[in-house]
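I opened the model to look up strand pairing and charged side-chain contacts. My entries follow.

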Amino acid sequence: MKVGDLVSVVQKLGCDMPPRLRDRGLGVVVGVTESEPLHFPSVGLVQVSDEVEVALATGATEVFFPESLEVISESR
């Protein structure tokens with residue numbers, strides 16, 4: 001996933017089974033921030049997910065985890 005990709009955003013809410021989903025619509029990726037691993041003394045390093053900033057069709061810009069995004073069209 002990279003800047004300029006067109007994505008469909010569907011958020012998974014909570015940890016219910018079956019999961020509750022919120023369709024946020026289409027958007028364009030405007031930024032990707034790679035996360036630093038977290039260190040827990042009893043566990044060690046834990047890699048957390050990157051953050052993807054998306055400009056939604058509603059006009060809002062929000063940050064999502066890649067798991068909430070599906071690439072519809074890749075930028076060149």
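Is K2 buried, exposed or partly exposed? I read K2 as partly exposed, at 36% relative accessibility. Buried means under 20% relative accessible area, exposed over 50%, and partly exposed in between (1.4 Å probe, protein chains only).

This is a predicted model, in which local features need pLDDT of at least 70, side-chain atom pairs count only at pLDDT 80 or more, and totals for chains, interfaces and linings use all residues. Residues are numbered from 1 along each chain as its sequence is written, and side-chain values use heavy atoms, with hydrogens and water left out.

Salt bridges. I counted 4 in the structure, a salt bridge being a side-chain nitrogen of Lys or Arg within 4 Å of a carboxyl oxygen of Asp or Glu. K2 meets D5 at 3.7 Å, N to O, and D5 is buried, at 1%. K2, D5 and E74 form a linked network of salt bridges. R24 reaches E62, with 2.6 Å between the closest N and O atoms. That pair ties strand 2 to strand 6 (residues 61–64), 38 residues apart. Both ends are partly exposed: R24 at 22% and E62 at 25%.

Strands. I took strands as DSSP runs (E, at least two residues), numbered from the N terminus, and counted two as paired if DSSP finds at least two bridges between them. Strand 1 (residues 6–13) runs antiparallel to strand 2 (residues 20–33), with 8 bridges; V7 has G27 as its bridge partner there. Strand 1 also pairs antiparallel with strand 7 (residues 69–73) over 4 bridges, where S8 is partnered by E70.
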